[in-house]
Every structure is written in C-alpha cells, then in structure tokens.
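I am opening a notebook page for this structure and want to record, entry by entry, what I looked up. The entries go from the whole chain to single contacts.

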Amino acid sequence: NGGWHGWFFGPMMMIAFIAVAVIVVALLSRWLGGPGHANGHSHSAPGKERTPLDILQTRFARGEIDEAEYRERRRVLEE
C-alpha cells in the first residue's frame, strides 16, 4: 500500500513534476523568442530606431570591439 511513504513522496513528486514543467516552458519560450527577445525588452525607446552609430557605441562600450576598430567603423559611418 505504500504506507507513510505515499503520504510524503506523493506530494513531493507532484511538486517536482510541476517545477520541471514550468522550467521546460520557460526555457522553450526563451529559445523560441530568439536572441533579441532574451531579456523581454528592447534597448531603444518606443518609436525610436537605433542608428548604426548607436549600435557601434554600444558594442564598443561592451568591449566587443577595440578602440581602433571603433574609430575606423565610425569614420566609415560618418562618410
């Protein structure tokens, strides 16, 4: 019959199953949302498009590109 073990492990397994289901749904929604939707909001203000210079400045601030590359690309964009 399971005895006292059924009273304890039954609800614990149900909670574990629900937790796993919630985690799977959250991971699937992040994966299907794509890389631009990972944090749930955009970096620009509503109704304002980011310019290529804004993107370049952001990449430089994050350390994705060095100063020489930043200056070269900025010069090309400003021509």
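**Entry 1: the whole chain**

I began with the surface, where the protein chain exposes about 7200 Å², of which carbon and sulfur atoms supply 66%; the accessible areas come from the Shrake-Rupley method with a 1.4 Å probe, and for residues only the protein chains shown count as cover. I note for all entries that this is a predicted model, in which local features need pLDDT of at least 70 and side-chain atom pairs count only at pLDDT 80 or more, while totals for chains, interfaces and linings use all residues. Residues are numbered from 1 along each chain as its sequence is written, and side-chain values use heavy atoms, with hydrogens and water left out.

For the secondary structure I found three helices and zero strands in the protein chain, in the order α-α-α along the sequence; helices (H or I, at least four residues) and strands (E, at least two) are DSSP runs numbered from the N terminus. I then looked up burial, and buried residues make up 4% of the 79 residues in the protein chain, where buried means under 20% relative accessible area, exposed over 50%, and partly exposed in between (1.4 Å probe, protein chains only).

**Entry 2: salt bridges**

How many salt bridges does a search of the whole structure find? I recorded seven, taking a salt bridge as a side-chain nitrogen of Lys or Arg within 4 Å of a carboxyl oxygen of Asp or Glu.

One of them joins the side chains of E69 and R73, with 2.6 Å from N to O, and both residues lie in helix α3 (residues 67-78), four residues apart, or about one turn of the helix. I checked the accessibility of the two partners as well: E69 is partly exposed at 28%, and R73 is partly exposed at 38%.

Also in helix α3, R75 and E72 are three residues apart, again about one turn of the helix, and their salt bridge has its closest N and O atoms 2.5 Å apart. Both are partly exposed, R75 with a relative accessibility of 42% and E72 with 40%. R75 forms a further salt bridge with E79, where the closest N and O atoms are 2.7 Å apart; E79 itself is exposed, with a relative accessible area of 70%. Elsewhere I noted that R59, R62 and E64 are linked in a network of salt bridges.

**Entry 3: aromatic rings**

A pair of aromatic rings is described by the distance of the centres and the angle of the planes. I used the rule that rings of Phe, Tyr and Trp (its six-membered ring) pair if their centres lie within 6.5 Å, with planes under 30 degrees apart counted as stacked, over 60 as edge-to-face and the rest as tilted. By this rule the count is one aromatic pair. The rings of F60 and Y70 have centres 4.5 Å apart and planes at 20°, so the pair is stacked. Because F60 lies in helix α2 (residues 52-62) and Y70 in helix α3, the pair ties together parts that are ten residues apart in sequence. F60 is partly exposed, at 33% relative accessible area, whereas Y70 is buried, at 11%.

**Entry 4: a contact of L77**

The C-alpha atoms of L77 and L53 are separated by 7.2 Å, although the two residues are 24 residues apart along the chain. L77 counts as partly exposed, at 41% relative accessibility.
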